[in-house]
Structures are given as C-alpha cells and as structure tokens.
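Hi everyone, thanks for making time this morning. I'd like to walk you through a structure, so please have a look at the screen.

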Amino acid sequence: MTEKKATLTIEGKEPIELPMYSGTKGPDVVDVRGLLKHGVFTYDPGFMSTASCESQITFIDGNKGILLHRGYPIEELADNADYLETCYLLLYGDLPNAEQKAKFNHSIMHHTMVHQQIHTFFNGFRRDSHPMAIMVAVVGALAAFYHDSLDINDQNHREITAHRLISKMPTIAAMVYKYSIGQPFAYPRNDLDYASNFLHMMFSNPCEEYKVNPVMAAAMDKIFILHADHEQNASTSTVRLTGSTGANPFACISAGIAALWGPAHGGANEAVLSMLEEIGDESNIEAFIERAKDKNDPFRLMGFGHRVYKNYDPRAKVMKAHADEVLKELGQVNDPLLKIAMKLEKIALEDEYFVQKKLYPNVDFYSGILLRAMGIPTSMFTVIFALGRTAGWIAHWKEMIDGDYRIGRPRQLYTGATERQYPKK
Ligand code: ACO
C-alpha cells in the first residue's frame with residue numbers, strides 16, 4: 001500500500017493530517033483512526049463511504065459491474081470452476097492444483113455427516129418453522145457438538161472448522177427441508193459431488209431410487225458459485241463483527257445466517273417469488289410498478305436494486321443465462337410466473353424511475369426463478385443462499401483471525417437527552 005496524505009480542516013482547529021492508502025484496485029481510503037484524539041468521530045450510518053477492514057478476497061466495481069474473487073472474474077469462475085474449487089480459492093487465495101483439489105474435495109466430502117444427536121435436536125422445532133429459523137439455531141448449536149475444534153487461536157482448529165462448516169451446511173439444509181415435509185432425513189453420499197449430494201439429500205427417500213438430474217446438479221453448483229462471496233456485505237460484516245469478539249466460528253456463521261435472512265439481503269430471493277405470486281397476472285404489473293415508485297408506499301420491487309452495483313449485477317447476467325437454459329431443459333418456459341417475471345423485468349428496465357435510479361435486476365431476481373423451476377420450495381431459497389455464502393463467510397472470518405484485528409466497536413452521534421436528575425419523591 002502506498003502512502004498519501006489527506007488534510008481535514010475543522011473550523012476553529014488546526015488542520016489534521018490523515019494517512020491515505022491505495023489498494024491494488026478500488027478507491028483510495030483515508031485512515032481516520034487517529035481522529036478520536038482530535039475529539040471528532042466520522043459519521044457514516046449504513047457504511048456508505050467506509051471501508052471496515054483490509055481484505056484480499058473479493059473485489060467489486062459497482063459502476064462497471066465487475067466482481068472478482070482473488071482476481072478471477074465471476075463469469076470465468078462460473079464457466080470453468082466448480083463450487084468446491086471456488087471455496088478453495090476463497091479460503092486459500094489460489095486455485096488448487098489437481099492434488100490439492102482432490103485432497104480438499106476428499107476432506108469436504110468426508111465431513112458431511114452431522115452428529116447423530118443433532119437429529120434429536122430437530123424434534124424440538126415445529127414442522128412449520130421457517131427453515132432459516134432452524135438454520136440459525138442448528139448452525140449456532142454445532143458449537144455444542146464439536147468442542148474439539150473451537151480454539152480460534154489454533155490454526156488446525158480453524159482449518160477443521162472451516163471444512164466442517166462447508167461440508168455440513170448442505171446436510172443441515174436438506175434436513176431442515178425433510179423435517180418440514182415430515183420425511184426421514186437422507187444421509188449424505190460421499191461418492192457424489194457437492195451439489196449432487198445436496199440434491200440427493202433433498203429429494204431422495206427410502207422407498208424409491210432417486211437419480212440426480214445432471215442439469216439440476218450443474219445449475220445448483222452455479223447457484224452456489226454465484227453466491228459464494230460478495231465482499232463486505234451485511235451478513236459478511238456481521239460474521240466479521242461477531243468474530244472480532246473472539247466468538248466461536250459456528251456462532252459467527254449463525255449470526256451471518258440471521259443477517260442474511262432479511263428481505264433487503266438474502267431474503268430477497270424468497271420475496272421475489274412472493275411478489276410474483278402477489279402480482280398474479282401480467283395485467284397487474286403496471287399497478288405494482290406504480291406502487292414501487294410511490295414514495296408513500298413501502299412496497300419495493302424485490303430483486304431490483306443493489307447498494308454497490310449501479311450498472312448491472314454481473315452475477316445476475318450469469319444467473320439469467322443459466323435460468324434460460326435450465327427452464328428450457330426442464331420444459332418450463334411457459335410457466336405463468338416466469339412470464340410475469342420476464343415482463344416485469346422488461347417494463348422496469350425501460351421505466352424512467354428505475355433507469356434514473358440505476359435499479360437493475362440483481363442476482364436474487366433470477367435465482368428465485370431458477371430455484372422454483374428446480375422444485376425447491378420458496379421458503380428454502382434463502383437457505384440455499386446461506387449454503388453457498390458459507391464459503392465466503394468462513395474465508396473472511398479466517399482472514400480476519402489469521403491477521404491483526406481488534407474488536408469491532410462503532411461509535412455514535414448521540415442526539416438523546418442530556419444529563420438530568422431523577423425526580424425527587
Ligand atoms: N424498488 C423501488 N425503489 C427502489 C428499489 C426497489 N427495489 N430499490 C431502491 N429504490 C429506490 C429507493 O426508494 C430510493 O429512492 P429515493 O432516492 O427517491 O429515496 C433509491 O432507490 C435508493 O434506494 P436505497 O434504499 O437508498 O438504496 P440502498 O443502497 O440503501 O438499498 C437495496 C439497496 C436494499 C438492495 C434496495 O435496492 C432494495 O431494497 N432492493 C429490493 C430488495 C432486494 O432485491 N435485495 C437484494 C439485494 S442483492 C443481495 O443481497 C444478494
């Protein structure tokens with residue numbers, strides 16, 4: 001990082017010199033850590049202009065629609081890599097060679113089972129619980145089952161936990177689904193690839209043979225790749241903030257899952273489908289577009305807009321191309337909901353309000369459509385996002401713990417009551 005200086009002038013004070021750093025890409029940053037000794041804080045609710053950490057994992061240029069993982073464009077990874085290769089890249093910084101890949105895949109595919117006691121743990125939940133509620137609880141509870149790898153200061157423990165989380169997420173996600181429909185849990189099959197194993201655990205049952213459709217497995221693998229990481233988004237920042245307290249990694253990932261659940265973040269893929277169902281008919285689209293533009297109506301077009309992408313979401317492009325392919329393969333191009341989605345997309349892309357505010361379809365718009373075509377129930381959409389994002393969360397957690405870090409402790413602009421006395425009785 002090269003050093004430059006910025007000068008902050010505050011009325012009535014001496015100018016304050018602040019160091020500046022340049023990354024390998026992206027805007028320079030002003031280091032404001034020394035400001036406190038001058039008696040001022042910076043104010044940036046929503047982190048619109050604040051870099052919360054230094055990272056080497058993912059780079060986004062929102063204006064140009066660029067997303068790079070360890071330097072590789074997401075489009076190239078989606079075309080050439082598989083999800084576990086992408087996980088390796090995120091965790092270790094480079095693509096694996098053949099031997100590293102075989103070793104990593106073997107490790108991931110041999111930690112897939114969960115402690116049998118976890119099966120009992122499920123029985124405490126109502127069958128109609130939201131899958132994300134169970135995910136938050138079960139992933140957090142893994143800390144109660146894997147005491148042998150909780151020392152965050154031990155490099156080996158961190159490694160085992162990272163592998164365990166990537167391995168066990170599909171198993172837990174499929175268990176959540178099976179529990180909701182009252183079917184027995186399907187044990188993982190370590191001879192299958194990661195995505196196929198997930199589909200096997202989701203859709204097989206003991207009464208008949210289940211053959212994984214390779215088109216579905218390839219599509220699921222792409223969905224995992226496209227969700228694998230996205231820089232310092234709300235859930236990843238939650239994982240980092242939780243991790244900065246020294247909390248165990250299972251608790252940190254559980255916190256990340258909770259943050260992802262919100263409809264402004266990962267919950268949007270589920271919300272897209274609910275919205276399409278609510279629209280119900282192509283003739284209603286205009287009315288919903290008008291509602292989205294009305295400042296007095298809280299309704300927003302779900303799956304549109306992004307905090308960082310102000311051109312297009314590169315993941316959405318890849319996902320759209322893949323959704324088209326899969327829908328053709330599965331013979332679902334005439335699905336009425338899909339038709340509503342396509343018409344909505346066209347109208348919104350031409351509408352002055354959306355064009356002017358640079359609101360483009362994001363990855364969740366198309367992932368919801370694709371997941372639906374694959375027979376995944378809507379309430380599981382965000383769980384699948386969480387499954388893919390686990391690689392990114394754990395890579396960021398590892399990067400933070402491997403380096404120098406302090407507890408994350410933001411300050412505030414206090415606008416409450418000044419000191420006052422409790423009324424005398
Ligand atoms: N529909 C209608 N208007 C919108 C939408 C939308 N989907 N998104 C933003 N706007 C408008 C806002 O009303 C605001 O208008 P104003 O300037 O007149 O007040 C302007 O665009 C900017 O919106 P903000 O909320 O300030 O933008 P922010 O960066 O904070 O929010 C967010 C980004 C949360 C993604 C937002 O676009 C949104 O709510 N989208 C719908 C939910 C969604 O699809 N989330 C998925 C995100 S991608 C992901 O997590 C993988």
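A word on the model before I go on: it is predicted, so local features need pLDDT of at least 70 and side-chain atom pairs count only at pLDDT 80 or more, while totals for chains, interfaces and linings use all residues. Residues are numbered from 1 along each chain as its sequence is written, and side-chain values use heavy atoms, with hydrogens and water left out.

Back to that pair. Strand 4 covers residues 58–61 and strand 5 covers residues 66–69; they run antiparallel and are joined by 4 bridges. When I say strand, I mean a DSSP run of E with at least two residues, and a helix is a run of H or I with at least four, both numbered from the N terminus. Two strands pair if DSSP finds at least two bridges between them.

Strand 4 and strand 5 make a hairpin with 4 residues between them, and G65 in the turn has a positive phi of about 70 degrees. Next comes strand 6, residues 72–73, which runs antiparallel to strand 5 and is joined to it by 2 bridges. Here L68 has P73 of strand 6 as its bridge partner. This is a hairpin as well, with 2 residues between strand 5 and strand 6, and R70 in the turn has a positive phi of about 50 degrees.

Put together, the 3 strands form an open sheet in the order 4-5-6, with antiparallel pairing. Strand 4 and strand 6 are at the edges with a single partner strand each, so one side of each has no neighbour in the sheet. As a reminder, strands of a sheet pair through backbone hydrogen bonds, either parallel or antiparallel.

So are the faces of strand 4 covered or open? Both are covered: T58 and I60 on one side, and F59 and D61 on the other, are all buried. By buried I mean under 20% relative accessible area; exposed is over 50%, and partly exposed is in between, using a 1.4 Å probe and protein chains only.

Now a few loop residues. F47 sits in the loop between strand 3 (29–30) and strand 4. F47 has a positive phi of about 50 degrees although it is not a glycine, and with a relative accessible area of 54% it is exposed. K358, in the loop between helix 15 (352–356) and helix 16 (363–373), is not a glycine either, yet has a positive phi of about 55 degrees. K358 counts as partly exposed, at 41% relative accessibility.

S22 is in the loop between strand 2 (16–21) and strand 3, and it counts as buried at 16% relative accessibility. What does the side chain of S22 make a polar contact with? Its partner is the side chain of D28, at 2.9 Å. A polar contact here is a pair of N or O atoms within 3.5 Å; within protein, one must be able to donate a hydrogen and the other to accept it, and residues adjacent in sequence count only if both atoms are side-chain atoms.

On to the helices. Helix 11, residues 268–279, has 12 residues that should span 16 Å at 1.5 Å a residue, and its end C-alpha atoms are 16 Å apart, which agrees. That expected span is 1.5 Å times one less than the number of residues. Helix 11 is mostly covered, with 9 of its 12 residues buried; among them are A268, V272 and I279. In helix 6 (residues 155–181) we find A162, which is buried, with a relative accessible area of 1%.

Finally, the ligand. It is surrounded by 22 residues, the closest being K295, L301, G303, R307 and K357; to count, a residue needs a heavy atom within 4 Å. An oxygen atom of the ligand is 2.7 Å from an N or O atom in the side chain of K357. A ligand nitrogen atom is 3.0 Å from an N or O atom in the side chain of Y353, and a nitrogen atom of the ligand is 3.2 Å from a polar backbone atom of A264.

Thanks, and I'm happy to take questions.
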